[in-house]
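Let's work through some exercises on side-chain contacts. Take each task, have a go at it, and then read the solution.

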Amino acid sequence: MSRNLVLIIFYTQLLRSPVTSNSPICMLLVSINRIIKICVRCYVGLPESNGYIYVEANGGLNQQRTSICNAVAVAGYLNATLIIPNFHYHSIWRDISKFSDIYDEDYFVSTLQNDVRVVDKIPGYLMERYDYNMSNVFNFKIKAYAPIQYYRDTVLPKLLEEKVIRISPFANRLSFDAPPAVQRLRCLANYEALRFSSPILDLGVTLVTRMKEHSANNGGKYVSVHLRFEEDMVAFSCCVYDGGKKEKEDMDAARERGWRGKFTKPGRVIHPGAIRMNGKCPLTPLEVGLMLRGMGFDNNTSIFLASGKIYDSERHMAPLLEMFPLLRTKEMLASPEELEPFKNYSSRMAAIDYTVCLHSEVFVTTQGGNFPHFLLGHRRYKFSGHSKTIRPDKRKLVLYFDNPNIGWKSFKRHMLNLRAHSDSKGIEVKRPTDSIYSFPCPNCMCRVNKTVDSRSISAS
């Protein structure tokens, strides 16, 4: 029986059955792939590389993570050698961290060694052709969410010709609808190979322990909340809150610093009210507190708040802390000395938040973005699809928040319905255009990535 036929049978059965990591479907697939592996020719090492791929990962922590996982998948598909991805410095995040500052580089390389070659630099004899200057290397400008076939038909010939190619920028440059072998490499990279560097991981685990101790009255269980109410987030949203003239001055200055001229182009009209009604405004700490209390979390609930520096924090955080006195942040759990090596690096600080949120009983996301999307998928993978995640419908929230006639009983009823809707979804199977990083089932959840040979459908 061919491997492709087995996969077709599996997906047919999958559509008819609920899927969990221990389900009969998953167990059947694992068993079949073990049999196939015995019958498949065993490779001694990897075949000769077709060349070197250098990618530049742009954005914040989790957008860079997307780039890394996609780069691994593309390199494996093209039978290429991947250079450790370079992190692009951005004026918003202002983080000069390198790959090894965020992730355990040796662990990354060793975990992938049977699937993808990964090295830290291009050999000198090849770079000599380009005067040792990466800007002289041919750079592909690839459209967003390009199909894997584009890499086979367009990128591979140039790779074979040049032996070194560059792809910059690289975030979201690979379609989510890809063959199983490509998805397997994404899963392998995201859930197995990418491990935070020891300094980040050690502090993250320490804070998880402290948070559980702080939550002793709740059986060591705590709720994590991702709050996006930093100055740059509020400025970019173009939403208006109740800060009056000072808020306007602060936001105008922040927009000019971060996006010079973007919001002041002639003819551009911004409608804050329409943005809010469309559910695009970041929730304030007060709104988050009201939502959580309405959902049934009382003032004895232990909360870990993941965020950057809250805009006008003294004013905005006061009501949230009053509603949830057991709320803690990494700055409250860790000493200044413990945070000192990380505090000027936004990605490293985000990685600490990520670790504490990953181990929470419930995760609440208040705004879209790569952080909650990756965390949502990672928690599904870690807890076999049964993680508790609250993703409120912000369009509905706005209607309730802005209704002057709504009473607390009515508001609470609506909040409980929103929470129930989140809880009722349980495990969700990835649709073709969904992100595999948010919906790891079935591609990653059946844990067959250690047994299937991805090179059987590679482009080489």
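Below are exercises on disulfides, aromatic rings, charges over rings and salt bridges.

Before you start, note that this is a predicted model, where local features need pLDDT of at least 70, side-chain atom pairs count only at pLDDT 80 or more, and totals for chains, interfaces and linings use all residues. Residues are numbered from 1 along each chain as its sequence is written, and side-chain values use heavy atoms, with hydrogens and water left out.

**Exercise 1. Find the disulfides and say which parts of the chain they link.**

Step 1: A disulfide is a covalent bond between the sulfur atoms of two cysteines. The cut-off used here is a pair of cysteine sulfur atoms within 2.5 Å.

Step 2: count. The structure holds 2 disulfides.

Step 3: look at C187 and C444. Their sulfur atoms sit 1.9 Å apart, forming a disulfide. The torsion about this S-S bond is about -70 degrees, so the C187 and C444 disulfide is left-handed. The pair links distant parts of the chain: C187 is in helix 8, C444 is in the segment after helix 20 (408–425), and 257 residues separate them. Helices here are DSSP runs (H or I, at least four residues), as are strands (E, at least two), numbered from the N terminus. Both C187 and C444 are buried; buried means under 20% relative accessible area, exposed means over 50%, and partly exposed is in between (1.4 Å probe, protein chains only).

Step 4: With a torsion of about -100 degrees around the S-S bond, the disulfide of C239 and C281 is left-handed. It links distant parts of the chain, from the loop between helix 10 (231–237) and helix 11 (244–258), where C239 is, to the loop between helix 12 (272–277) and helix 13 (285–294), where C281 is, 42 residues apart. C239 counts as buried at 2% relative accessibility, and C281 counts as buried at 5%.

Step 5: check C69. This cysteine is in no disulfide, and the nearest cysteine sulfur, that of C187, is 9.0 Å away. C69 is buried, with a relative accessible area of 0%.

**Exercise 2. Which charged side chains lie over the rings of F324 and F383?**

Step 1: set the rule. A charge sits over a ring if NZ of Lys or CZ of Arg is within 6 Å of the ring centre and within 35 degrees of the ring normal.

Step 2: apply it. R293 lies over the face of F324, 5.8 Å from the ring centre. Over the ring of F383 sits the charged end of K382, 5.7 Å from its centre.

**Exercise 3. Explore the salt bridges.**

Step 1: count. The whole structure has 23 salt bridges, each a side-chain nitrogen of Lys or Arg within 4 Å of a carboxyl oxygen of Asp or Glu.

Step 2: look within a helix. D252 and R255 form a salt bridge, their closest N and O atoms 3.2 Å apart. Both lie in helix 11, 3 residues apart, about one turn of the helix. D252 is partly exposed at 36%, but R255 counts as buried at 13% relative accessibility.

Step 3: find a network. Salt bridges link D242, D312 and R315 in one.
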